[in-house]
Amino acid sequence: MSHPVTQERPAAHGDALNLVRTAVAEAPGPAAAAQRAVELLHDRFPHYDWVGVYWVEGGDLVLGPWMGPEATDHTRIPIGTGICGAAAATGTTEIVPDVNADPRYLACFASTQSEIVVPIFDGGEVVGEIDVDGTDRDAFDETDARFLEEIAALLAPLRPRA
Ligand code: SME
């Protein structure tokens, strides 16, 4: 299914990737860099309504930086639970065009219709993920997936270490 802005996305993705790369290089520390990355993603893409990073902590995903209209109650999600937990368990990007049709979905916001979750890898291991919620059905496509996978590679070194 085609989305009207699909053709424009790759250029915007390239610009945003450069902005995130610069922000990460210039931030005073890893937490500030991850926060800035999340803000850039949220602000540059109108269909990224809520953007958050979860970091793996033991058997859980723990919410790190996020940007969006509302805070989520899901600040700790067991790996294997929800779409977030599935992506972390399998190390696979999840694109869910209609969250209400996916029995795994853990509801956060009444307005969410679609979701994309992209694992963050470090040394072959899932260390976190990027979670984006959209208020349009079918808001995310493969171009978002490839773009967010590149962003994930920039975020990997920013993970909090014990
Ligand atoms: N919807 C997610 C939970 C996280 S909130 O969207 C921020 C899930 O199904 O895992």
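**A close look at one strand**

A: From the N terminus on, the elements of the protein follow the order α-α-β-β-β-α-β-β-β-α, which comes to four helices and six strands. Helices (H or I, at least four residues) and strands (E, at least two) are DSSP runs, numbered from the N terminus. This is a predicted model, where local features need pLDDT of at least 70, side-chain atom pairs count only at pLDDT 80 or more, and totals for chains, interfaces and linings use all residues. Residues are numbered from 1 along each chain as its sequence is written, and side-chain values use heavy atoms, with hydrogens and water left out.

Let us turn to strand β6, residues 125–134. Nine of its 10 residues are buried, so β6 is largely enclosed by the rest of the structure. Buried means under 20% relative accessible area, exposed over 50%, and partly exposed in between (1.4 Å probe, protein chains only). For the protein, buried residues make up 46% of the 162 residues.

Now for the neighbours. Two strands pair if DSSP finds at least two bridges between them. Strand β5 (residues 114–122) pairs with β6 in the antiparallel sense over nine bridges, and Ile120 has Gly128 as its bridge partner in β6. The hairpin of β5 and β6 has two residues between the strands, and Gly123 takes a positive phi near 55° there. Strand β1 (residues 50–57) also pairs with β6 in the antiparallel sense, over six bridges. Here Val53 has Ile130 as its bridge partner in β6.
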